[in-house]
Amino acid sequence: ITDIKIKDIIFENRDNLLDITEYTQLSIFTASMAIFEVFKELFVKTDHFSNINYVLGHSLGEYSALVASNAISLEDCSKLLKIRGKLMQNAYPENQSGMAAVLGLNCKDIELIIRNFSLKIDVANDNAPGQVVISGIVEDINNAKEILIQNGAKKIVYLNVSSAFHSRIMKTAEEKMKHKLLSINLANSIYPIVCNYSSIATKDKNVIFENLSKQMSNKVKWT
């Protein structure tokens with residue numbers, strides 16, 4: 001489907017391709033769907049799969065959730081993620097932007113600090129109370145670090161990522177991704193999917209599209 005030898009990358013990774021977003025995303029998606037198929041086979045004779053209330057996935061995981069709920073085909077999603085990985089990888093010069101986890105502050109606290117101090121960073125992931133990820137140009141993250149610590153953050157942990165995902169830096173890539181999303185057959189979901197962008201649960205393909213088309217440059221509302 002993608003002309004990428006995913007199995008070799010996952011199990012051998014000779015050229016360290018797993019460190020490159022273009023390949024990382026497809027590899028994680030492949031592993032996720034393989035696990036889902038195993039669970040489906042194990043529980044198909046039980047009521048577990050007929051009693052699913054919601055599906056959801058964090059960032060890249062939202063695509064796995066969409067395939068699991070029959071909103072996107074495995075083939076279309078594989079092609080989309082190959083493109084998504086390239087777009088995100090090339091959105092900004094390598095190693096000049098990034099992400100960091102802020103421990104000890106909630107999302108609203110960090111957003112207030114960003115506004116009050118005019119920091120040039122974005123909240124990327126509202127993962128949990130006291131664990132929020134920021135995203136931006138490396139210099140801007142470094143400048144924000146001391147201010148966040150002075151205003152209650154216990155620790156800042158830099159993440160091993162290639163770019164500033166879920167930030168304004170992804171806006172151009174997001175527009176290109178939206179164009180690709182328009183080219184696939186998106187269906188109504190068989191399970192309500194909780195969207196990253198809005199945290200709203202929906203089965204409606206139009207609502208799913210609107211949320212997915214805004215996912216790359218906006219925060220994941222996971223809390």
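Helices (H or I, at least four residues) and strands (E, at least two residues) are DSSP runs, numbered from the N terminus. The model is a predicted one, in which local features need pLDDT of at least 70 and side-chain atom pairs count only at pLDDT 80 or more, while totals for chains, interfaces and linings use all residues. Residues are numbered from 1 along each chain as its sequence is written, and side-chain values use heavy atoms, with hydrogens and water left out.

Start with the sheet. Two strands pair if DSSP finds at least two bridges between them. Five strands form an open sheet in the order E4-E1-E3-E2-E7, with mixed pairing. Strand E4 (155-158) and strand E7 (220-221) stand at the edges, each with a single partner strand, so one side of each has no neighbour in the sheet.

Now look at strand E3 (residues 131-137). Five of its seven residues are buried. Buried means under 20% relative accessible area, exposed over 50%, and partly exposed in between (1.4 Å probe, protein chains only). Strand E1 (residues 97-103) pairs with E3 in the antiparallel sense over seven bridges. Strand E2 (residues 122-128) also pairs with E3 in the antiparallel sense, over five bridges. E2 and E3 form a hairpin with two residues between them. In that turn, Gly130 has a positive phi of about 85°.

E1 has a further partner. It pairs with E4 in the antiparallel sense over four bridges. There, Tyr158 in E4 is the bridge partner of Ala100.

Two helices lie across the sheet strands. Axes are lines fitted to C-alpha atoms, for helices over the stretch in contact, and angles run from 0 to 180 degrees between N-to-C directions. Contact means heavy atoms within 4.5 Å. Helix H5 (residues 107-116) lies across E1, E2 and E3, running at about 165° to E2. Helix H6 (residues 138-150) lies across E1, E3 and E4, at about 140° to E3.

Which strand holds Asn127? Asn127 is found in strand E2. This residue is buried, with a relative accessible area of 19%. A polar contact is a pair of N or O atoms within 3.5 Å; within protein, one must be able to donate a hydrogen and the other to accept it, and residues adjacent in sequence count only if both atoms are side-chain atoms. The side chain of Asn127 makes such contacts with the side chains of His58, at 2.8 Å, and Gln131, at 3.3 Å.

Next, a pair of helices. Helix H2 (residues 21-43) and helix H4 (residues 74-89) pack at an angle of about 150°, with their axes 7 Å apart. H2 and H4 are therefore roughly antiparallel. Angles under 35 degrees count as roughly parallel, over 145 as roughly antiparallel, 65 to 115 as roughly perpendicular and the rest as oblique. Residues making the contact include Phe29 and Met33 of H2 and Leu81 and Arg84 of H4.

Arg84 leads back to Gln215. Their side chains make a polar contact of 2.7 Å. Gln215 is buried, with a relative accessible area of 1%. Leaving aside neighbours within four places in sequence, its contacts include Ser59, Glu62, Tyr63 and His166.
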